Amino acid sequence: MTGQTTIDTTGPGDGASPAQTERAPATGMRGHPWLTLITVAVGVMMVALDGTIVAIANPAIRDHLHATFADVQWITNAYFLALAVTLITAGKLGDRFGHRQTFLIGVTGFAVASGAIGLSDSIAAVVTFRVFQGLFGALLMPAALGLLRATFPAEKLNMAIGIWGMVIGASTAGGPILGGVLVQHVNWQSVFFINVPVGALALVLGLLILLDHRARNAPRSFDVLGIALLSGAMFCLVWALIKAPSWGWGDGRTWGFIVASVLLFAFFAFWETRVAEPLIPLGLFRSVPLSAGVVLMVLMAIAFMGGLFFVTFYLQNVHGMSPVDAGLHLLPLTGMMIVASPLAGAAITKLGPRVPLAGGMAATAIAMYGMSTLKAGTGGGVMSVWFALLGLGLAPVMVGATEVIVGNAPMELSGVAGGLQQAAMQIGGSLGTAVLGAVMASRVDSALPGNWSRAGLPPLKPAQLDQASEAVQAGVAPVQKGIPAEIAARITTVAHDTFISGMSLACLVAAGVAVAAVLVALLTKRGGNAEAGRAWGTSDPGRLSE
């Protein structure tokens with residue numbers, strides 16, 4: 001196949017040692033490590049950008065499509081749900097069929113789904129195509145890591161992952177800025193249309209540059225039952241997290257899905273010990289550093305993604321900023337991640353991951369605590385300090401936890417390891433949105449009636465109170481047309497104070513999660529299997545795949 005070098009190996013059990021037949025190695029651009037990094041970075045940028053660029057567009061989508069606050073949450077949650085359920089399986093597909101192929105399919109499908117969202121005229125269609133975005137993004141992300149792991153020699157892998165992490169961090173943090181410009185000066189649909197040319201560029205570069213690599217021990221079959229069990233377990237878990245805020249954490253449906261998830265995970269674990277080629281060899285988790293890296297990604301995403309969800313509403317609806325201004329106020333976060341990510345890669349190469357990871361999560365905890373002190377009148381300078389500190393803390397975690405997970409996995413499981421890394425981040429994002437959303441809703445529901453009454457405002461009927469509570473959770477003052485200006489001002493003050501109270505509590509919870517992550521970071525160490533990258537060659541850009 002074009003763009004691929006292969007080694008034919010006798011199948012297991014034939015009694016012969018592997019007989020290797022190689023094609024002539026590719027030359028020129030194809031397979032060049034740094035060009036490979038640029039190529040996968042373009043595709044990864046598209047997916048990472050989409051994780052947060054939508055956040056800044058949520059208010060516009062909410063207004064244009066007449067969506068509820070719950071609908072807006074589903075625009076984010078549907079994406080995370082599809083990603084989380086399929087990432088590990090998608091990584092296995094890359095290990096089996098080659099990461100080049102899955103990467104190219106992923107970028108193409110993601111761009112097409114993005115264009116379909118831009119053409120949608122209902123919230124149901126937007127959510128549906130966000131699911132397809134998640135499915136194709138799941139193919140793309142682990143494949144990118146697998147390609148980097150196979151292409152770069154061990155001594156340069158951390159730097160490559162550092163730049164890869166910089167792209168993810170910058171894209172994630174830069175999403176609100178680009179989203180603000182597009183929403184304010186074009187429309188919310190352009191937030192999705194922009195992925196079409198980016199995806200086309202990634203496809204062209206991939207066809208020209210990427211060289212497929214397959215490990216000698218790459219899987220030859222599929223654990224179909226394992227895929228079904230893991231997908232079902234992940235779906236039940238993430239679905240419970242998404243629905244818990246509306247159902248209630250004490251509701252039988254919430255716990256029904258959680259119990260179903262636990263049972264499916266248990267059955268999955270049992271089955272993996274019985275199948276010849278398991279989806280996830282459970283021996284992977286005997287590596288304490290790898291397991292710690294997975295947990296660390298979950299905790300980091302809870303703090304980061306959960307907190308960022310409310311910050312965009314705080315800037316636009318409480319401070320009254322335009323989408324562009326809101327994005328610009330997040331520039332310190334973006335800039336710090338761009339600067340710190342490659343530096344973190346160099347520091348991790350020199351010191352190992354433990355100290356940078358622990359220090360990064362400590363800085364994240366301090367930043368989230370600082371964000372809990374924000375008020376309606378807080379100036380941009382104070383906000384910039386906390387946003388910059390958050391970017392400084394997140395950068396080494398994005399880079400280091402990725403290296404810990406992928407570097408501690410065998411080469412033939414690099415796709416699965418990449419899927420674990422990304423699945424952990426997506427589960428953390430869903431968990432953060434669900435848990436911190438529940439914290440926000442609980443605080444608003446408990447505080448709003450009292451704040452409303454103390455402000456001397458006319459009492460609300462239960463249905464009116466529910467509607468007001470939903471608006472306040474997004475930082476919106478429930479002011480009806482025709483209300484006198486003095487009453488409207490009091491309603492606005494009550495709404496903003498109540499929202500900030502909920503956001504402050506949510507940020508404190510996120511800070512506590514980050515503190516727990518500091519302890520987890522102390523269990524990490526440099527990837528022991530990163531040296532396997534040397535076996536793939538270190539000088540010839542057209543190196544053989546094993």
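Predicted model: local features only at pLDDT ≥ 70, side-chain atom pairs only at ≥ 80, totals over all residues.
**View 1. Packing of helix α3 (residues 99–118) against helix α7 (residues 195–209).** The two helices pack at about 165°, and their axes lie 8 Å apart. Since angles over 145 degrees count as roughly antiparallel, this angle makes α3 roughly antiparallel to α7. The crossing of the pair is left-handed. On the α3 side, the contact is made by R100, F103, L104, V107, T108, F110, A111, S114 and G115. On the α7 side, N195, V196, G199, A202, L203, G206 and L207 take part. By class, the contact of α3 with α7 comprises 9 nonpolar, 6 polar and 1 charged residues.

**View 2. Packing of helix α10 (residues 288–318) against helix α13 (residues 354–371).** An angle of about 25° relates the helices, with an axis separation of 12 Å. This angle makes α10 roughly parallel to α13, and α10 passes α13 in a left-handed crossing. Residues L296, M300, A303, G307 and V311 of α10 meet L357, M361, T364, M368 and M371 of α13. The contact of α10 with α13 has 8 nonpolar and 2 polar residues, and no charged ones.

**View 3. Packing of helix α12 (residues 331–351) against helix α14 (residues 380–407).** These helices pack at an angle of about 35°, their axes being 7 Å apart. The crossing in which α12 passes α14 is right-handed. From α12, the residues in contact are P332, L333, M336, M337, A340, S341, A344, G345 and I348. They meet S384, F387, A388, L390, G391, L392, L394, A395, P396, M398, V399 and G400 of α14. Sorted by class, the contact of α12 with α14 holds 16 nonpolar and 5 polar residues, with no charged residue.

View 4. The lining of the second largest cavity divides into 5 nonpolar and 5 polar residues, with no charged residue.

Conventions: Residues numbered from 1 in each chain as written. Heavy atoms only, no water. Axes fitted to C-alpha atoms, helices over the stretch in contact; angles between N-to-C directions. Helix = DSSP H or I, 4+ residues; strand = E, 2+ residues; numbered from the N terminus. Parallel < 35°, antiparallel > 145°, perpendicular 65-115°, else oblique. Left-handed = near helix turned anticlockwise from the far one by under 90°. Contact = heavy atoms within 4.5 Å. Nonpolar A, V, L, I, M, F, W, Y, C, P; charged D, E, K, R; others polar.
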